[in-house]
Amino acid sequence: MAEVTTARNLLRTCPLCEAVCGLEITLDQDDHVTAVRGDKLDPFSKGFLCPKGASLGQLDADPDRVTAPLIRDRATDTWRETSWAEAFDYIADRLPAVLAEHGKQSAGLYMGNPTAHTVAGALYGPALIRALGTKNLFTASTADQMPKQVASGLMFGDPLVVPVPDLDRTDYLLILGANPLESNGSVCTAPDFPGRLKALRKRGGRLVVVDPRLTRTAKLADEHLFIRPASDPYLLFGIVRTLFEENLTDIRVEVAGLDEVRAAAADFTPEVVAARTGVDADTVTRLARELAAAPTAAVYARIGTCTAEYGTLTQWLVEVINTLTGNLDSPGGAMLSTAAARGIIRSKPFQVGRWISRVRELPESMGELPVATLADEIVTAGEGQIKALVTVAGNPVLSAPSGPRLAEAFATLEFMVSVDRYINETTRFADVILPAPRPLQVPHYDFALLQFAVRNYARYSRPLLPLDGPSEAAILATLAAIVSGQPHTGDPLAALDEMVIASTLDSVGMAQRRPDLHGENTTEQRIDMMLRLGPYGEWNEDRLESDFPDGLNLRVLLDNPHGIDLGPLRPRLAQALRTASRVVELAPPSLLADVERMRAALTERAPDFVLIGRRHLRSNNSWLHNVPALVSGTNRCTLQINPADVARLGLGERAVVKSAAGALTVVLEPTDTIMPGVVSLPHGWGHGEIPQGVASAHAGVNANVLTDDSVIDVPSGTAVLNGVPVSLTPA
């Protein structure tokens, strides 16, 4: 049963970005969405709604989505619909045979960004990974946030211990390479990010934005500073050096490596970094003094800095500054969320490079290899060459570097399965497409995103509409059964869930007295168990204080369908640390080694032009471009360029942009909101001849024709998508 507020007004959480906004959805008698509003009674989002959420009904009813399993005839490159039973039988006949011939390491798995927003991705993706038994796991993380997690893992011992700015209480916020008025926040879960920033300023706080573009967020700020792309760590090092030089440090947590950080920063004087960044020396010094003097302050950097050459160093220096100014794990500073559902409790300190990729010998991080080497692993012959690939909710041809090379690689695979709602630029190479259900047919709980929320909160949404096929959880569980050699008929999902429940209860000493669990199915029972074992949970004797003194469980969330406020962020770093020393490691050796690479680059001549990406409020990577309401207005695939550069180069309405990887002819959008020497192209466009009418009519160009999969952020293996050297000529 769905939660009902009136006859046909139903509640659920929006699954389309990281803001986790509550929605109130009106359905007509034919189960069509007629209206979407923000849920004003949600204690976290309080009625906030963006254009993506408002269009959920159009996405749910998209006539171009795949509605039944498809099998591709390779000889004619045509598709035919089939039954679920035949599709799974076909996969069971083909996929294990490929792996039997070439070995388990011939399998690859790619999981796209939407899996972070689904119950199925969080709970059943790991089961598929284990079943495949391959080290060839790739996700969107290494084209997105992996530097932040690697930096956190090395400093705090756990890559999921990621501080977020305490937005609602901070007095000073410094933002680098992020545009939350367009993105709604990223690795910083904060519904109504614009309202929270306005409230910061209204209470007398200060907002400073550092970005090569005058973004919507920068226009809201007290101060915007242009900075040369990919030079953020130089600026941050200048701030660190000033904090040391002027005795402005106020460290309030236990740390190791302070002297090493001081020594590493010595060469990065404000004058030196000014020459590299374009931010003058006096401003660098002033920023350090302001951060130190503010009653509370936080530094926050995101995708523009993560997907750059020194992405991990930037994220490391962000937390170094938060620590040096006394703002780490302190109200109003950079704090840790306390998610309600019990997740994996790390027993050993995080490390990078437990194995390496076969071709380029790139280290794994968090169990996955860099997506920048996926094509290498497919096209390079030898033992362990990827011959079979499974993709889940991803389109790396558009989202990963060297997209055309990936397309060529996918065409050579012996077998490919895609779990996806669309035939897109990636899934068109699959032998089988298994369609995930409509958004309104699935449950929703944000396992991943609530770990990075700016306020502690929990909300569970049951499906609003019944399934007309297997759930996404059942699809992944069945694929796991197939590659494990287990029967794929019957109910693999229930069998998997029962095994997980039993092993989890055994790990906490409850196996002998298996309690009854709430839930209409085994997936809900797993969620109930995780809530009961969590920090606010019914079974946790040391549970944190909340408005529910008997503790949380699934029934409590079902009885509170608008969501539950669990209070402001609380200091908890001491309990969360998993470093061997049990203190914050300010100077991880691998990052100090990368500082030497960065220091050496000081003598290199900067390129005349560099390419950066940009966010659109009505876009999320490539998968919302078939929704008519989301591809109109300013949501355009144009190359933003400073008018002075247009005049200097004699460019017209279009130009040819070339990089080391490729070339594109693009439509120009002259604007003085971007600094000279920088051009900006949005991410996720370049739609090919695919059966998506709206997306094909608004194809745009693929920015990842210009990115180079041979260039990565060294410590994390993350693709470099910002600060790409390019040249421009008239079209």
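I take buried to mean under 20% relative accessible area, and I apply that cut-off to Asp-329, which has a relative accessible area of 14% and is therefore buried. I keep in mind throughout that the model I am reading is a predicted one.

**Entry 1: backbone at two loop residues**

I looked up Asp-329 because its phi is near 65°, a positive value in a residue other than glycine, while most residues other than glycine have a negative phi. I located Asp-329 in the loop that runs between helix H14 (311–324) and strand S14 (334–335).

I then turned to Arg-582, whose phi is near 60° and is likewise positive in a residue other than glycine. I found Arg-582 in the loop between helix H22 (573–576) and strand S20 (584–585). Is Arg-582 buried or partly exposed? I note a relative accessibility of 48%, so Arg-582 counts as partly exposed.

**Entry 2: Gly-185**

I followed the chain to the loop between helix H6 (180–183) and helix H7 (193–202), where Gly-185 lies. I recorded 2% relative accessibility for Gly-185, which therefore counts as buried. Setting aside neighbours within four places in sequence, I listed Glu-18, Pro-180, Phe-193 and Tyr-300 as the residues in contact with Gly-185. I also noted that Arg-302 is 117 residues away from Gly-185 along the chain, yet their C-alpha atoms are separated by 9.0 Å.

**Entry 3: helix H4 against helix H18**

I examined how helix H4 (residues 119–132) packs with helix H18 (residues 472–484), and I wrote down an angle of about 10° with the axes 8 Å apart. Because angles under 35 degrees count as roughly parallel, H4 is roughly parallel to H18. On the H4 side I saw residues including Tyr-124, Leu-128 and Leu-132 in the contact, and on the H18 side residues including Leu-476, Leu-479 and Val-483. Sorted by class, the contact of H4 with H18 has eleven nonpolar, two polar and one charged residues.

**Entry 4: the second largest pocket**

I opened the second largest pocket, which holds about 740 Å³ of space. I found 33 residues lining the second largest pocket, with Pro-229, Arg-276, Pro-607, Val-610 and Gly-723 the closest to its centre. Which element gives the most to the lining of the second largest pocket? I have H11 down for that, with three residues, and I note that helix H11 (270–277) and strand S28 (724–730) each supply at least two. By class, I recorded the lining of the second largest pocket as 21 nonpolar, five polar and seven charged residues.

Key: Residues are numbered from 1 along each chain as its sequence is written. This is a predicted model: local features need pLDDT of at least 70, side-chain atom pairs count only at pLDDT 80 or more; totals for chains, interfaces and linings use all residues. Side-chain values use heavy atoms; hydrogens and water are left out. Helices (H or I, at least four residues) and strands (E, at least two) are DSSP runs, numbered from the N terminus. Buried means under 20% relative accessible area, exposed over 50%, partly exposed in between (1.4 Å probe, protein chains only). Axes are lines fitted to C-alpha atoms, for helices over the stretch in contact, and angles run from 0 to 180 degrees between N-to-C directions. Angles under 35 degrees count as roughly parallel, over 145 as roughly antiparallel, 65 to 115 as roughly perpendicular and the rest as oblique. Contact means heavy atoms within 4.5 Å. Ala, Val, Leu, Ile, Met, Phe, Trp, Tyr, Cys and Pro count as nonpolar, Asp, Glu, Lys and Arg as charged, and the others, Gly among them, as polar. On a 1 Å grid over the protein atoms alone, a cavity is a set of points where a 1.4 Å probe fits but cannot get out, and a pocket is an open set with protein on both sides within 12 Å along at least five of seven lines; lining residues have an atom within 4 Å of a point. Grid points are joined across faces, edges and corners, and a volume is the space filled by probe spheres set on the points.
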